[in-house]
Amino acid sequence: MSTNKGIVGFDFHCHVDLHADPVAVIEQCERDRIAVVAVTTTPKAWAQNHSWMKASPYVHAAVGLHPELVGKRHAEIVMLEQLIGDCRLVGEVGLDGSPQHSASYEMQKKAFSRVLEASQRNGGRVLTIHSRRAARDVIAMIEERSDPAKVLCILHWFSGSLSEARRAADAGCFFSVNSAMLKHDRGRALVQSIPKDRILTETDAPFAKIGSRNSEPRDVVHTITELAELYGESATQTMTRLTNNSQCVLLFAGIDLNKIASN
Ligand code: MN
């Protein structure tokens, strides 16, 4: 096991490009030593994100098509499939079953199928997946269309049931947890039910709120403390496990965190 003394936290789901000053966010993550998966919401945003982040050992761009945008941007699925050939981090993708997106739901399923299939064809892909009010379909599609040896799925801000969480864990999924999920009993019970070796941290910054301000990647440090309290263990124990989990997931996508620690 490596301790990765250089890294103080991991944000597996952050919208760096939707902050007012993305370059400043990247520089701040480097100063704070926070490793970040920077999700994007349309494949057209990937080239700009990649150019901002390609030199950063900490911040890594993912290519995505947000399910809430599939209704208007479904033509971009072709571009997304192509980019999945070049980029091993994929997100934000998935399904949104909220009433306001019901008109696009069948199209969302087609798009997510193609994302899973492209990831499966290429192999070594890590997906950060939105599943609001659609956990059952998301998990069924992961089971049907991908193999955990080739596609590592992270369920981001998961809000399904305990039995859905168990089924997803059995299918090989990881779960990225933010502070908002730990604010209520239901979220804490859900997190506690998930195998500890499948837990990661995230912020969904800048959208999730911390009090009245927008979240930022360094907020994952506080989430480590909250998880340690939930588990009744020291923050060091929690951080050691989160580091192992995070390392495992990033290595699946060819990202070696030991290279950061030795820089
Ligand atoms: Mn998001």
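**Exercises on a predicted fold**

Phe158 has 3% relative accessibility, so it counts as buried (under 20% relative accessible area; exposed is over 50%, partly exposed in between, with a 1.4 Å probe and protein chains only). Keep in mind that this is a predicted model: local features need pLDDT of at least 70 and side-chain atom pairs pLDDT 80 or more, while totals for chains, interfaces and linings use all residues. Residues count from 1 along each chain as its sequence is written, and side-chain values use heavy atoms, leaving out hydrogens and water.

**Exercise 1. Find what Phe158 pairs with, and work out which parts of the chain are linked.**

Step 1: Rings of Phe, Tyr and Trp (its six-membered ring) pair if their centres lie within 6.5 Å; planes under 30 degrees apart are stacked, over 60 edge-to-face, the rest tilted.

Step 2: The pair is Phe158 with Phe175, with 5.6 Å between centres and 80° between planes, making it edge-to-face.

Step 3: Phe158 is in the loop between strand 6 (151-156) and helix 7 (162-170), while Phe175 is in strand 7 (residues 174-177), so the pair joins distant parts of the chain, 17 residues apart. Helices (H or I, at least four residues) and strands (E, at least two) are DSSP runs numbered from the N terminus.

**Exercise 2. Say which residues coordinate the manganese ion, and how they are spaced in sequence.**

Step 1: List the donors: His13 (NE2), His15 (NE2), Glu92 (OE) and Asp204 (OD), at 2.3 to 2.4 Å. Donors are N, O and S atoms within 2.8 Å of the metal (3.2 Å for Na, K and Ca); water isn't among the atoms, so a site may look incomplete.

Step 2: Read off the spacing, which is H-x1-H-x76-E-x111-D.

Step 3: Glu92 belongs to strand 4 (residues 89-94) and Asp204 to the loop between strand 8 (199-201) and strand 9 (209-210), so this pair ties together parts 112 residues apart in sequence.

Step 4: For burial, Glu92 is buried with a relative accessible area of 2%, and Asp204 is buried at 9%.

**Exercise 3. Give the strand order of the open sheet of 5 strands, and name its edge strands.**

Step 1: The order is 4-5-6-7-8, with parallel pairing. Strands pair if DSSP finds at least two bridges between them.

Step 2: Strand 4 and strand 8 are the edges, each pairing on one side only.

Step 3: From one strand to the next, the twist averages 30° (axes are lines fitted to C-alpha atoms, for helices over the stretch in contact, with angles from 0 to 180 degrees between N-to-C directions).

Step 4: Look inside the sheet. Strand 5 (residues 125-130) pairs with strand 6 over 5 bridges, and Arg125 has Val151 of strand 6 as its bridge partner.
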